[in-house]
Amino acid sequence: MLAEFFNNKLIVGLCILLLSMPSSSNESGFEKGDKPLPKWELGGVAAGFHSPLYPASSDSQDKALVVPYGIYRGDTIRVGDGSIVKAIALEAPRFKVDVSMAAAFNADSEDSKIREGMPDLDFLFEIGPQFRFLLSDSSIEYGADSEIWLNVQTRAVFSTDFGSINHQGYTIQPQLSWRSKDLLWNDTVAFASLAPIWASEKLHDYFYQIDAQYETERRQQFNAKAGYLGTKVSLGSIFQIKPELSLFTAVQWGLWQGAENEDSALFEEDNNFSAVIGVRYTFMQSKDIVK
């Protein structure tokens, strides 16, 4: 299974995505100034995933990956450490601007009975600005035990087989996000989020459009439209085992009922379940520190 990942070159996009994960040095929510952090870190992540082939699919897939990661904490720009890229000059205790990113695995149509004979779904990645508004009195970074953020994410979506890249439309996703440190055990972070998603017609076409050439008795022609895609509910935890080693796990429910294109034959389920479990290890870090 792991060889399949390297053959499909999914490691490239997933490595970029993992830069947005919180670093092992401060993921347990130390107060600002409590713990000096290295200016840069290099490490690796190993994880296993269970997810639907696409939103509202009745078929699922299991994947595994091992990828490197890197973090840089500069004076004005930071890469990784809780976001893809963020400008320190734009940060304030109650408002932040950074770059958000998401990704989805590729899927072979032969693994889906309803999509048999249709084109495969390529690896998807999304990127765009994120505007973050602190709703709680304070944040974990500034000493609070928990925090609540409203994150407004707008992203362009692209598909790729790593031979070419195709634009697949846009998404807008307001996300209500909660995070708490040491909720059940010391040196842990628990998190939860609720995120409704709206997408342009082109992305809905990618998942649910059925052109005349692909029509069958079970799969009638369908013209997809822009609109509500669904809502994702996520729960998870990060466990700090050692300063250089952490374990992370998360589950996600995709709630698709009421979606704009639920009349498509490719829309099979009102709910989907996804899960991930993995470890992250820091191999190297700089002697220079930042606070």
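Let's begin with Ser-51, which sits in strand E2 (residues 40-52). Keep in mind that this model is predicted.

**Exercise 1.** Work out whether Ser-51 is buried or exposed, and list which residues it touches, leaving out those up to four places away in sequence.

*Solution.* Start with the cut-off: buried means under 20% relative accessible area. Ser-51 has 14% relative accessibility, so it counts as buried. Now for its contacts: Ser-51 touches Ser-60, Gln-61, Phe-105, Phe-273 and Ser-274.

**Exercise 2.** Find how many salt bridges the structure holds, and say where the partners of Arg-155 and Glu-126 lie.

*Solution.* There are two salt bridges to find. In one, Arg-155 pairs with Glu-126, with the closest N and O atoms 3.3 Å apart. Arg-155 belongs to strand E8 (residues 146-160) and Glu-126 to strand E7, so this pair ties together parts 29 residues apart in sequence. Both Arg-155 and Glu-126 are buried.

Arg-179 also makes a salt bridge, with Glu-147, and here the closest N and O atoms are 3.0 Å apart. That pair links distant parts of the chain, 32 residues apart: Arg-179 is in strand E9 (residues 165-181) and Glu-147 in strand E8. As for cover, Arg-179 is partly exposed at 22% relative accessible area, while Glu-147 is buried at 6%.

**Exercise 3.** Name which residues form the negative surface patch, then place Asp-120 in the chain.

*Solution.* The patch is made by Asp-108, Glu-110, Asp-111, Glu-116 and Asp-120. Asp-120 is in the loop between strand E6 (95-104) and strand E7 (123-134). With a relative accessible area of 42%, Asp-120 is partly exposed.

Key: Residues numbered from 1 in each chain as written. Predicted model: local features only at pLDDT ≥ 70, side-chain atom pairs only at ≥ 80, totals over all residues. Heavy atoms only, no water. Patch = residues over 30% accessible without salt bridge, like charges linked within 9 Å, V, L, I, M, F, W, Y side chains within 5 Å. Areas by Shrake-Rupley, 256 points an atom, 1.4 Å probe, with all protein chains shown as cover. Salt bridge = Lys/Arg side-chain N within 4 Å of Asp/Glu carboxyl O. Lys, Arg positive; Asp, Glu negative; His and termini not counted. Charge placed at Lys NZ, Arg CZ, Asp CG, Glu CD. Helix = DSSP H or I, 4+ residues; strand = E, 2+ residues; numbered from the N terminus. Buried < 20%, exposed > 50% of the residue type's maximum accessible area, 1.4 Å probe, protein only. Contact = heavy atoms within 4.5 Å.
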